[in-house]
Amino acid sequence: MVTQAPQARTPQGERSRAMRLRLMESTVECLVELGWAGTTATDVSRRAGVSRGAQLHHFPSKQALVVAAVGHLTERRRDDMRLAAAELPYDGRTRAVPEILSQHFTSPVFFAALELWVAARTDAELRVSVGPLERRVGRETHAYAVELLGVDESAGDNRQLVQATLDMLRGLGLAASLSDDRKRRAAVLDSWAVVLDHELETS
């Protein structure tokens, strides 16, 4: 008789991390498809293939789940952008950097965050959690843009120009949430790259 070797079991900690990730990814999918009001904890757990009890173990409330999901996947999205930026050209950098950043502001994670911002405007309890998350992500994205552009933000109007770039990209992302405006967005970024080339102070 042939004895089969026992299958290796996945460590509990690894299973727990994988479950949390599935829950967070499913949360973002629900927010994008159903909106804040339409997203329920039951929808998320069903889509993630996780029991309601297991979901509550990791995230005791819908608010905790949604804020954690947007925060975590924003960080992962930034890591993806960092990989895309690994071979940025020196020439044409002021056009290439906004293009990379615009991919974040037109991503499912950004649209999920939009749902949170809108809901938090009239939900004081949610705003307590969303406010600090938005400020942290804003600071990190600003620092990342400075890094990609390779400028000293204390020089001249560099800080304001970087922030203006991010504010513009956020606005273009809002427009993209309602319609496919890639052609218009490309034209705007072409023009803005000329402004950056002229106004940014570089070493």
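This is a predicted model: local features need pLDDT of at least 70, side-chain atom pairs count only at pLDDT 80 or more; totals for chains, interfaces and linings use all residues.
Student: How many aromatic pairs does a search of the whole structure find?
Tutor: Ring pairs link Phe-105, Phe-110, Phe-111 and Trp-117 into a cluster. The search covers the whole structure, and its count of aromatic pairs is 3.

Student: Are the planes of Phe-110 and Trp-117 stacked or edge-to-face?
Tutor: A pair of aromatic rings is described by the distance of the centres and the angle of the planes. Here the centres are 5.6 Å apart. The planes stand at 80°, so the pair is edge-to-face.

Student: Which ring does the charged end of Lys-62 sit over?
Tutor: The charged end lies 4.1 Å from the centre of that ring. The ring belongs to Trp-36.

Student: Is Leu-73 buried or exposed?
Tutor: Leu-73 is part of helix α4, which spans residues 62-84. Its relative accessibility is 6%. The cut-off for burial is under 20%, so Leu-73 counts as buried.

Student: Which residues is Leu-73 in contact with, leaving aside its neighbours within four places in sequence?
Tutor: Met-168 is 95 residues away along the chain, and its C-alpha atom is separated from that of Leu-73 by 22 Å. The contacts of Leu-73, with those sequence neighbours left aside, are Met-24, Glu-25, Val-28 and Val-109.

Notes: Residues are numbered from 1 along each chain as its sequence is written. Side-chain values use heavy atoms; hydrogens and water are left out. Rings of Phe, Tyr and Trp (its six-membered ring) pair if their centres lie within 6.5 Å; planes under 30 degrees apart count as stacked, over 60 as edge-to-face and the rest as tilted. A charge sits over a ring if NZ of Lys or CZ of Arg is within 6 Å of the ring centre and within 35 degrees of the ring normal. Helices (H or I, at least four residues) and strands (E, at least two) are DSSP runs, numbered from the N terminus. Buried means under 20% relative accessible area, exposed over 50%, partly exposed in between (1.4 Å probe, protein chains only). Contact means heavy atoms within 4.5 Å.
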